[in-house]
Amino acid sequence: ATSKMTSADLNNAESMLVLNNVASCDMKSDKYSPIILERQEKEPLDVKACAVKKLKKHLSCTPTKAKDFLVDLFPIIRWFPKYKWKKWILGDIMSGLVVGILIVPQSIAYSLLAGQDPVYGLYTSFFACIIYSLMGTSKHISVGIFGVLCLMIGQVVERELQVAGFDISDDINTTALSNQSANVCGRSCFAIRIGSTLTFMAGIYQVS
């Protein structure tokens, strides 16, 4: 029995050695075998399916997405309920009065620099602050008109007015009243069209 067990053990050992040799030879052959690159053909891109998939991903509307979109569009919804009225309201009123007193003559002067009627400067300063209070994302940013931009717009307005045949030396208010009575788009109307078109195109350029 002992001899039989021994011969069986020898046979098993020999078979294990053979398997190990075969495995080592396979590993060596795999190690030194050259890499063969096969050309992989790209699957045809279905533009319609890809567009539909992206549209479904971005345009799918759920109550959570609608709420997040509204809060991101109007950040005042997030911070206004946390406003500390007793602590902050007095300082905000005083700063608002000071800024309002300063912005009235400044906006009138800037509108004249831009070649517009003085009332347009008041409109720009007033409505820009209202819109930014609803949609602004930073409490440290002050929006409104400034001198360099008004000078640049004024140069374009003056050039276009001269091309259109208007007299630059005419009084803006007098020309505006005469044009309103004649119900014709005159100097003031033409100037505000040029200014609004220029600022609109500049905004599109910045967004894109």
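What is the relative accessibility of Arg159, and what does Arg159 count as?

Reply: Arg159 has a relative accessibility of 48% and counts as partly exposed (buried is under 20% relative accessible area, exposed over 50% and partly exposed in between, with a 1.4 Å probe and protein chains only). The model is predicted, so local features need pLDDT of at least 70, side-chain atom pairs count only at pLDDT 80 or more, and totals for chains, interfaces and linings use all residues. Residues are numbered from 1 along each chain as its sequence is written, and side-chain values use heavy atoms, leaving out hydrogens and water.

Arg159 is joined to Glu160 by a salt bridge, with 3.6 Å between the closest N and O atoms (a side-chain nitrogen of Lys or Arg within 4 Å of a carboxyl oxygen of Asp or Glu). Glu160 is partly exposed as well, with a relative accessible area of 28%. The whole structure has 2 salt bridges; one of them links the side chains of Arg78 and Asp72, at 3.6 Å from N to O. There Arg78 is partly exposed at 44%, whereas Asp72, at 53%, counts as exposed.

Helix α7 spans residues 147-164 and helix α9 residues 187-207. From α7, the contact includes Ile153, Val156, Val157, Glu160, Leu161 and Ala164. On the α9 side, the residues include Arg187, Phe190, Ala191, Ile194 and Leu198.

Definitions and conventions. Axes are lines fitted to C-alpha atoms, for helices over the stretch in contact, and angles run from 0 to 180 degrees between N-to-C directions. Helices (H or I, at least four residues) and strands (E, at least two) are DSSP runs, numbered from the N terminus. Contact means heavy atoms within 4.5 Å.
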